[in-house]
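Subject: Structure for you to look at

Hello,

Here is the structure I said I would hand over. Please open it first and then read the notes below it.

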Amino acid sequence: FLSAQPYTAQGFTLIELMITISIAAILLAVGVPSMRDMIQQNRLTGNVNEFVAANMLARSEAIKRGSTVTLCRAVNAEAGSDACAVAGDWNTGWVVRSVDTDDTVTVHARQKALSTGTTVTATIPAITYGGMGQPTSSKEDSFTFTNDCKLEGRKVVISRSGHASVEKITAAGC
């Protein structure tokens, strides 16, 4: 059967396609940097949350055991080391550990090295909690978490009572 109506082409013209591609490129140019920033900030927040959780674990284990428990920089957490690093930065990870009366080391938690781009600076090499759940340090200590982009960092403050609070700190940006 033949139709009496003339054939009309269906589809997109070259100009319509070019406009659509231009709009998509503009949206991508705006969206990709903010997506990168969001991923970096989420990674930083995750690292801070892991540190605060390790701090809470160390404190609660000290109270439960009635003896000292230490949260310290790890020497090589990926390899399963339970040793504390005397010098260096907290980017290498951390260990929550206690030493029993017979000098047996018990590791309660181990955090591997943080992802590239995350920096942790601290005023102390370790936090040791006594049997009452208070840090043995005589002052308030802090840990500053930043990333490469330095959009917004986090400062974890350990009070004299052992409570950890997190503050947002602003940075210069990329």
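**What was found**

K168 counts as exposed because its relative accessibility is 61%. The cut-offs are these: buried means under 20% relative accessible area, exposed means over 50%, and partly exposed is in between, with a 1.4 Å probe and protein chains only. K168 sits in strand β8, which covers residues 164-170. Leaving out residues up to four places away in sequence, K168 touches E152, G153 and R154; contact means heavy atoms within 4.5 Å. From K168 to S115 it is 20 Å in space, C-alpha to C-alpha, and 53 residues in sequence.

Before the rest, a note on where the values come from. This is a predicted model, in which local features need pLDDT of at least 70 and side-chain atom pairs count only at pLDDT 80 or more, while totals for chains, interfaces and linings use all residues. Residues are numbered from 1 along each chain as its sequence is written, and side-chain values use heavy atoms, with hydrogens and water left out.

**The chain as a whole**

The chain has 1 helix and 8 strands, and their order from the N terminus is α-β-β-β-β-β-β-β-β. Helices (H or I, at least four residues) and strands (E, at least two) are DSSP runs, numbered from the N terminus.

How does the radius of gyration of the chain compare with that of a compact globule of 174 residues? The chain has 26 Å, whereas such a globule would have a value near 16 Å. The radius is taken over C-alpha atoms, and the globule rule is 2.2 Å times the number of residues to the power 0.38. The C-alpha trace spans about 100 × 40 × 25 Å along its principal axes.

Of the 174 residues, 32% are buried. The chain exposes about 10,700 Å², and carbon and sulfur atoms supply 60% of that area. Accessible areas come from the Shrake-Rupley method with a 1.4 Å probe; for residues, only the protein chains shown count as cover. Among contacts between residues at least 6 apart in sequence, 51% join residues at least 24 apart.

**Aromatic rings**

A pair of aromatic rings is described by the distance of the centres and the angle of the planes. The search of the whole structure gave 5 aromatic pairs. One of them is F51 with W94, an edge-to-face pair at 5.1 Å centre to centre with 85° between the planes. F51 is in helix α1 (residues 14-65) and W94 is in strand β2 (residues 94-99), so this pair ties together parts that are 43 residues apart in sequence. F51 and W94 are both buried. Ring pairs link F51, W90, W94, F143 and F145 into a cluster. For the cut-offs, rings of Phe, Tyr and Trp (its six-membered ring) pair if their centres lie within 6.5 Å; planes under 30 degrees apart count as stacked, over 60 as edge-to-face and the rest as tilted.

**Some single residues**

Is S98 buried or exposed? S98 counts as buried because its relative accessibility is 2%. The residue is in strand β2. Its contacts, leaving aside neighbours within four places in sequence, are R65, T68, V69, T104, V105, T106 and H108. S98 and T68 are 30 residues apart in sequence, but their C-alpha atoms are 6.5 Å apart in space.

D103 is in the loop between β2 and β3 (105-111). D103 has a phi near 65°, a positive value in a residue other than glycine. With 63% relative accessibility, D103 counts as exposed.

I124 is in the loop between β4 (118-122) and β5 (126-129). I124 is buried, at 12% relative accessible area. Residues up to four places away in sequence aside, I124 touches W90, K139, D141 and F143. W90 and F143 are also members of the ring cluster. The C-alpha atoms of I124 and Q111 are 18 Å apart, and these residues are 13 apart along the chain.

S142 is in strand β6 (residues 141-147). S142 counts as buried at 15% relative accessibility. Which residues does S142 touch, not counting those up to four places away in sequence? They are T121, A122, T123, K155, V156 and V157.

Regards
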